[in-house]
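Here's a quick walk through this model, from the overall build down to a few residues worth a look. Keep the viewer open as you read.

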Amino acid sequence: KDVIWQNLRDGGRMKNFNQDWSLNYRLPLDKIPLTDWINTDLRYKVGYTWTAGALNQQETYGNLIQNTRDRGVTGKLDFVKLYNKSEALKKVNTPPRRTSASSSRTRTSTRTRPQAADTVKSPGAFGNGFLRFIMMIRSVNMTYDVREGTLLPGFKNTPRLFGMDQNWASPGWPFILGDQDPNIRFKAAENGWLVSDRESANLTTNFSQSRIEDLSFKGTLEPFREFKVQLDMRKNKTAQYKEIFRFDTTKFDMGDPSPYSSLTPNRFGTYSISFLAIGTSFVRDRDDNSSEVFDTFLTNLDVIRQRLNQVNPVAEYNNESQDVMIPAFLAAYAKRDVNTIALSPFPGTPIPNWRVDYSGLGKMEGLREVFSNVTVSHAYSSNYTVQKYTSSQQYSETSLRNRVEDYPLATEVNENGDLIPVYVINQVVMGERFSPLIGISVR
C-alpha cells in the first residue's frame, strides 16, 4: 500500500521523456530588390529522448538517452526574375498575348502584307533569339540535408526540466541541443553519469552514432521556346558507428580512474552519387562475346597498381586489391583517363544527368492540323553506388566526422603481406538508364 500511495503522489515512474526544438528561417534576400530573385530557407531541428531502463534494473544497466539533429538548407535561383529586371530582356521573355478574333481581324485589315513580312525578317527577331539563347538558364534549385543522431546506453540520471537532471549538469546543454561529439561517452564516464555496477559489465547495448547526408541540384535550361533541358545532380551518404562502451571490472580492480572500455568498434554505411558512364553505353561485345571495355579494365589494373605503389610505400599492392580494382573499373566503364582518375572508391563530385523535351514539332505545317501537341523526349540517368562499406578491425575508427571521400591509404598488412584497406567494400554498382532513349508523345 505504501508503494502504491507513494507512486500516486509522485505521478508514477517516469518511463519516457521526449522533447523537440525547431527553428526555421528564411533569409530576407527576397526583401532586397537586388537579390529578390534568390530564395533561401534554413532549418535546424533537434530532439532529445530519455528512455527508462527495465524496472529494478536501472541501477545495473541504466537508462537510454538519445539526441537527433536535422540541419537543412533549401535554395532557389529564379534567373527569369533576374533577367526581367531589364525592360529589354523582359520583352524577350514575355510571350505575345493572344487576342480575340475580332481584334485580330481589325489589326489584319489595318496592316499590309509587306509590313508583316518585314516584322518577321527584321534583325530584331534575330537579336531577340540571341538574347533568349544567352538567357537559357531559367532556374536552379538546391537542397542540402544532414540528419544525425547519438545513442548512449547506461545513463543513470533522470531528467527534470528541459531534459537536464535536478542538478542541471547532465547530459549537458550541448547534447540536449543536438551536439554530435563522439566524446560524450568519455565525458559521461568521467562525470559519473554512467552505471558502474559490476553487473553493468555485461551491458550489450551499443553506443552508436548515425549520419545521413543528402545533396541535390536541379537546373532548368531553355535555349529557345519549346526546348527544355533539365539537369539533375545528387549525392547520398549514410554512415553509422557502433561500439560497446561499458564498465570494465578488470580496470576497476586495477585502480584505473576511468574503468570503462570500448569494445568492437565498427563503422559502416552506403554511398551513392550521380555519375556519367555514357561513354561506353553503346560499345558492343565482339563476335566471340569478349568485351572491349572489360579488356580495358584488365589493362587498367596494372596502371592503378603502379600509381598506388608510388604513393604508398608501406607494401606492394596486387591486382586483386579493392583499392586497385575499383579505380580501374571506374576508369574503364566511365571512359576516364586511367593515369589521372582519382584513386578513391568514393568519387566526390556528382555529375549531372539530364532530360530533354522538345514540343515545337506540333507547330509544323501538316502536323498542327492533326495534333494539338507533339513532344520528343530523351532522358539519361546514371548512378554509382557503394552498396555497403565496413571499417576494418585493424584500424581504429572513432568518429563519423572523417569523410569517406578522403579515403585513407592502407597502412596495415595481413599474414600474407597484402595491404588491408581501411574500409572493406564487397560490391560497387554502376548503373545507367535511358528513360526514354527516344520518346514521342502526341495528342
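## Overall build

This is a predicted model, and its protein chain carries twelve helices and 14 strands. The radius of gyration is 31 Å, well over the 22 Å that the globule rule gives for 443 residues, so the chain is more spread out than a compact globule.

Buried residues make up 36% of the chain.

## Surface and charge

The accessible surface comes to about 26,100 Å², and carbon and sulfur atoms own 54% of that. As for charge, you've got 55 positive and 48 negative side chains, with the centres of the two sets 13 Å apart.

In soluble globular proteins, nonpolar side chains tend to be buried together. Here, the largest nonpolar core has 57 residues, and Phe 346 and Tyr 389 touch the most other members. Helix H12 (residues 322–333) gives this core its largest share, six residues. There's also a second, separate core of six residues, which includes Trp 37, Phe 79, Tyr 83 and Val 92.

What does Tyr 389 touch, leaving out residues up to four places away in sequence? Its contacts include Phe 346, Phe 268, Arg 267, Val 404 and Tyr 423.

## A buried loop residue

Ala 277 sits in the loop between strand S7 (260–274) and helix H11 (292–311). Is Ala 277 buried or exposed? Its relative accessible area is 3%, which is under the 20% cut-off, so Ala 277 counts as buried. Beyond its sequence neighbours up to four places away, Ala 277 touches Tyr 333, Ala 334, Tyr 380, Ser 382, Met 430 and Glu 432.

Most residues other than glycine have a negative phi, and most peptide bonds are trans. A few spots here go the other way. A cis peptide bond joins Ser 170 and Pro 171, with omega about -5°, and Pro 171 is in the loop between strand S4 (137–155) and helix H8 (173–176). Another cis bond links Ser 435 to Pro 436, with omega about 5°; Pro 436 is in the loop between strands S13 (428–434) and S14 (439–442).

Then there's phi. Glu 226 has a positive value near 70°, lies between strands S5 (207–224) and S6 (227–247), and is partly exposed at 28% relative accessibility. Lys 335 has a positive phi of about 55° and is exposed, at 61%; look for Lys 335 in the loop between H12 and strand S8 (353–358).

Terms used
Residues numbered from 1 in each chain as written. Predicted model: local features only at pLDDT ≥ 70, side-chain atom pairs only at ≥ 80, totals over all residues. Heavy atoms only, no water. Helix = DSSP H or I, 4+ residues; strand = E, 2+ residues; numbered from the N terminus. Rg over C-alpha atoms; globule rule 2.2 N^0.38 Å. Buried < 20%, exposed > 50% of the residue type's maximum accessible area, 1.4 Å probe, protein only. Areas by Shrake-Rupley, 256 points an atom, 1.4 Å probe, with all protein chains shown as cover. Lys, Arg positive; Asp, Glu negative; His and termini not counted. Charge placed at Lys NZ, Arg CZ, Asp CG, Glu CD. Core = buried A, V, L, I, M, F, W, Y, C linked by side-chain atoms within 4.5 Å. Contact = heavy atoms within 4.5 Å.
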